[in-house]
Amino acid sequence: MIGLRQGFRLRQGFGGQVGLLMAAIAALAALPAAAQTVAITGGRVVLGDGSDPIDGGTVVIRDGRVAAAGAGVAVPAGATVIDASGKWVTPGIVAGFSRIGLTEVDAVDATNDVQANNSPFSAAIDVVPAINPQAASIAVNRAAGVTRAIVSPATGRSIFGGQGAVIDLGADMQPVTRARAFQFIELGEAGAQDAGGSRASAYALLRNAMREARDLRLPIGSSSQRGSSAADAPIEDITENPYILPDARRPEDVLLTRFDAAALVPVLQGRQLLLVHVERASDILQTLALKREFPRLRLVLVGAAEGWRVADRIAAADVPVIANALTDLPASFEQLAATQSNIGRMRAAGVHVSIGMINDDEARQIRVSTQYAGNLVGIGRVPGHSGLSWNEAFAAITSRPAEAIGLGEEIGSLRPGRRGDVVIWDGDPLELATAVEAVWIDGVQQSLENRQTRLRDRYRQPQEGALPHAYDR
Amino acid sequence: MKSGWSTVACAAALLAGCAGQGTERPASTSSTQTGADAPRSASDDPYPSTYRAYPGVVTAITGATIFDGEGGRIDNGTIVLADGRIQAVGGADTPVPEGATRIDGAGRWVTPGVIDVHSHLGDYPSPGVEAHSDGNEITSPVRPEVWAEHSVWPQDPGFSRALANGGVTTLQVLPGSANLFGGRGVTLRNVPARTVQAMRFPGAPRGLKIACGENPKRVYGGRNQMPQTRMGNIALMRQTWQRAAEYRDRRRREPNTARDMALETLAGALEGDILVHNHCYRADEMALMLDMAREFGFRISTFHHAVEAYKIADLLEDNGTCAAMWSDWWGFKMEAYDAVNENIPLVHNAGACAIVHSDDSNGIQRLNQEAAKALADGRRMGIDISDEVAWRWLGINPARALGIEDETGSLRPGKRADVVLWNGHPFSVYTRPQQVWIDGALLYDMNDPRLRPVSDFELGQPGEGDVK
C-alpha cells in the first residue's frame, strides 16, 4: 500500500490528499528540523479547550506555534497547505500523568529510571537527566498522537519521589518543556509504606520535611537576601538552588539531607506544584487540609479514586485532580468506592479534572488516553453513570492536564500562541478504529515510524524469503 | 519492583514479589480419604461442578445486527432464547414463540458472550492484598499437582465487572507463570456463586498451565536453582514429561501403582484429557515448544501472550495451535519488546487461530475494544477482515481453545444461550453491554440496578451497588 514504506500510515480512500501529504512527508524526509509555516485546511478542528468542534476549520502553525485556528482563518502566503477535508485536526494529546521516557524495558533494571530505591536522596531527585528522548516508547506513543507528557518519578525509600517534568515526544534531543515542574509525593497506602508503616508517620515526615525546608536560612549576604532573584526565579530556571550553599545554617537534628530540604523550599513557597498521590476519600481530605498549615502549597491530587465521595470539598478547595479514567475495582482498600463515574461526578461537582495513568502502564501506554477518554463518553449512555461530554473528554486529555500543571497557556489547545502541537486523525480521535495521519510538535512535522512499524513491515509474510528477514529493511 | 509494574507483574509477568509468600498453613481439618474409591485418573472429577443454569424466560431479540461468533452476520436479525439454549437465529422472518419477552434490538448488536481464555480472577482477586495472592505456588518449578480452582475466591468483585462492562460469560482461570508447570486451569461460568464448584463449566476439560521464558528462570535462577536459563527451562520440562510418560505407562501396566498427583495431571495432558495452555512470548521459544509437544505426544492448545506470534504465524497454522494475544501490550519485559499492533490480524491472516485475551482484571472488561483496535490496525496494513469475522477472536476461537466449542462461543441453535446485547456497535469505544444472558438467564441489565451483582466483599462498603 502506498505510503507504508515512508512509515506513514495512509488509509485506502485517502485519495486526493495523498499528494499534498506526500509533499509534506517529502519535506519531512529532508528535515531541516526548523518549523515551517503550515496551514491545515478543511478539517474538523477541535481546539481542545472544551469548545465544540469547528467543521471546515483551518489551523495555521507558524514559528513553531499555533498562529490561528478556527473558521474563517486566512491561509498565510507561502504556507504549506495541507488539505484535511474529512479529517479531524486537534492539539496533540497531553498525558496527564506518566513515566514515559524513564524506562525502556520495565523489567530490565538497567534501563529503568522510574525510582531509586537505594538513593540517599528523595525530594532532590530531578527526572530531567534520566529522560531519554530516544526511548522506543516515545516514538510509539508519538505515532498515536501523544505530543506532551507530565513525567513523574516514583517514590523509593521516602514519601518524596522527587521533581517531575513536562516533556514533548518529538524526535529530537531536547525533550524538556518544563523542568522541575512539580514535586511528587505519596500520602496513601504507598506513602504509609514509604514512611515506615503508617499514614500518621507519612504526615509526620511531611510536616517535619516542610519545617526543615522552612528553617533553611539563606547565607547572609546571598543574592536573594538582597532582594534579587535566585530565590524568586521560576524554579525551572534555577540551576543552583541557593538553599544548598554550604554556609546555609542548619540545626543538628535534621532528617533530610540539605539537598532534599532545599528542594522543598519552592514547594513550601508555592513556586513549585506539589502532586500528591492519594486514593481514599479520607486521605484526600487530609491532603486538602495541609493548606491550612502550609497556606502557600499549590496542590494537585493524583489518583483520587474515591474523589467523587468528597467532590464538593475538592471543588471548594480549588485543587485540580489528575485521575485514572477506568479504575472500577477495589484493587486496594484505599479504592473501595472506585467507579468509572468518578471523573464525571467530580467534573459535575465543579472539580478541575484531567485523565492520567497512575500506576497503569504509564511508562509505555499513554497512547490509550484516547480510548480511556472515549469510554468516559460511552458510560454517559448507561443509566446511573456520570460520564463526560465528548468535548470535555477530549479536553481531559489535552487542555485540562496542561492547565493542572500550570502550562495552559503553552500547550494542550489550539488557541493562538500555544506550541505548534497538532495532530491530523482519520476520524474521531477517541474512537478505536481511528488512526493518526500526521503529527507536528513545536511546529515540526514528526516521523510516525518506530520499532513496531518496522517489525510489522518485516513480518508482513512470516516465511523467510530468498534471504532471511534480517536482510529485509 | 518498579512502580506501575504491579498490574502487569501479577498477571503477565509475575515477579516473585507479587506472589504470596505467606505459606503458613492451618492444620488440615479434613480427614484422610484414600482407598479403593479414590479417583484414579485425570478424567475423574473429585470436585465436580454444581453449576445449574439460573431461570430464564423465553426471550426474543429482534431487529438487531447479529455477529454469530463464527464469522456470520445477520442484519435485522432475530434470536430466540428458550430453556437456557439458543432456540433460533435468523432474519426478520424468524418465528417468535408466543408469550416470549420481546426486546427491540434496533440499532443494537447481538453477539455470543465473550470468552476469556486467560484470567486470574479469583486467584489474584481484588483487593490485591498479600493474603489474596493465590496464583503461583512458587515452591518448585514443577507444580502440576496444584489446581487453580482451589484458589478461586468466588467473592472477587472482578467477576461482576467482567460481566457488566465486558459481556464476559465464560472464562478460564489459570495459575500464574512463575513455574514451568503451574498447575491445572479451570473454566468457569461467570456467575456469582458461593463456591467455585457452582461456577465450574459443566463438562469443560481442565487446562494445564505451562510457561516458557523469563518468569521461571528468573524466579528459580534467582534462588540458584534450576531453571536458571532458557535451556534449563527446556531441560527440566523434558525430564518432567519423560517422567509423566513413564508414569502413564506404568499405571496402565500396574493399576495399583501409587498415585502421584503431579504426574497424574501431566499424564492427563499426554492423553489429551487436559488441554495444554502455554505462556510463551517469543517466536523461537514457541517453535521449540511445538517440537517438545511432538517429542512427548501432547498437543498445545494455545500459546498465551504470544507477543511474537506474528513471526511464526505459519507454524501456528501448520500445528493447529491457537495464539491468545493482547492488542497492544508491550515492553514491560524483554520478551515483550517486539510487539506489533497488528499481531492478532497477522496471525489470523496466516490462517491460524487468533484469540484476544486479557490476563488482567481491567482488560477483561474491554476485550471487545482490544479486538477493535487490532482489527483497525490490521486493515490499515491491508488485512481486510470483516467485523463479524473478527468476532471469532472473542467467540468460537477461544471456545475451541477451551474445548467447549460445542456448548458456547457462537450463536448456533442448541448451544447455551450465552448472549450479549450491546447498546451500539461492539467495536465502538462508546458501546457497553446493555444486557447479558448466561444459559438464558438475564444476569445483567444496565437499566435495572437490581441486576448489578454485588459480591460479599463489597456489601456494606463505600460504593456498594454503584455503577462500576
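**View 1. B:Gln172 stands opposite B:Thr187 in β8(B).** The model is predicted: local features need pLDDT of at least 70, side-chain atom pairs count only at pLDDT 80 or more, and totals for chains, interfaces and linings use all residues. Residues are numbered from 1 along each chain as its sequence is written, with chains lettered from A and ligands numbered from 1 in the order in which they are written. Strands β7 (residues 168–173) and β8 (residues 181–189) of chain B run antiparallel and are joined by four bridges. Strands (E, at least two residues) and helices (H or I, at least four) are DSSP runs, numbered from the N terminus.

**View 2. An open sheet in chain B has eight strands.** Their order is β6-β7-β8-β9-β10-β11-β12-β13, with mixed pairing; two strands pair if DSSP finds at least two bridges between them. At the edges are β6 (114–119) and β13 (354–356) of chain B, each of which pairs on one side only. On average, neighbouring strands of this sheet are turned by 25° against each other, direction ignored. In a regular strand, side chains alternate between the two faces of the sheet.

**View 3. Strand β5 (residues 109–112) of chain B is joined to β1(B) and to β14(B).** Strand β1 (residues 59–67) of chain B runs parallel to β5(B), with two bridges between them. B:Ile66 stands opposite B:Val110 in β5(B). Strand β14 (residues 419–422) of chain B runs antiparallel to β5(B), and four bridges join the two. B:Trp109 stands opposite B:Trp422 in β14(B).

**View 4. Helices α4 (residues 230–253) and α5 (residues 261–270) of chain B pack at an angle of about 85°, with their axes 8 Å apart.** That angle makes α4(B) roughly perpendicular to α5(B), a term for angles of 65 to 115 degrees. Axes are lines fitted to C-alpha atoms, for helices over the stretch in contact, and angles run from 0 to 180 degrees between N-to-C directions. The residues of α4(B) that meet α5(B) include B:Trp241, B:Ala244, B:Tyr247 and B:Arg248; on the α5(B) side are B:Leu263, B:Leu266, B:Ala267 and B:Leu270. By class, this contact has eight nonpolar, one polar and three charged residues. Ala, Val, Leu, Ile, Met, Phe, Trp, Tyr, Cys and Pro count as nonpolar, Asp, Glu, Lys and Arg as charged, and the others, Gly among them, as polar.

**View 5. In chain A, helix α6 (residues 281–293) has buried residues A:Ala281, A:Asp283, A:Ile284, A:Thr287 and A:Leu288.** A residue is buried if 20 or more other C-beta atoms, placed from the backbone, lie within 10 Å of its own. The buried residues of α6(A) pack against β10 (273–278), β11 (299–303) and α7 (311–317) of chain A. Buried residues make up 57% of the 473 residues in chain A, which has 12 helices and 16 strands.

**View 6. Chain B is in contact with chain A through 58 residues of chain B and 57 residues of chain A.** Contact requires C-beta atoms, placed from the backbone, within 7 Å. On the chain B side, α9(B) gives the most, with five residues. This side has 26 nonpolar, 19 polar and 13 charged residues.

**View 7. In chain A, pLDDT stays under 50 over residues 22–32.** pLDDT is the predictor's confidence in each residue, from 0 to 100. Residues 224–228 of chain A also have pLDDT below 50. The mean for chain A is 90, and 87% of its residues reach 70 or more. Where pLDDT is low, the predicted coordinates should not be read in detail.

Technical notes:
Two residues are in contact if their C-beta atoms, placed from the backbone, lie within 7 Å. A residue is buried if 20 or more other C-beta atoms lie within 10 Å of its own, exposed if 12 or fewer, and partly exposed in between; C-beta atoms are placed from the backbone. Angles under 35 degrees count as roughly parallel, over 145 as roughly antiparallel, 65 to 115 as roughly perpendicular and the rest as oblique.
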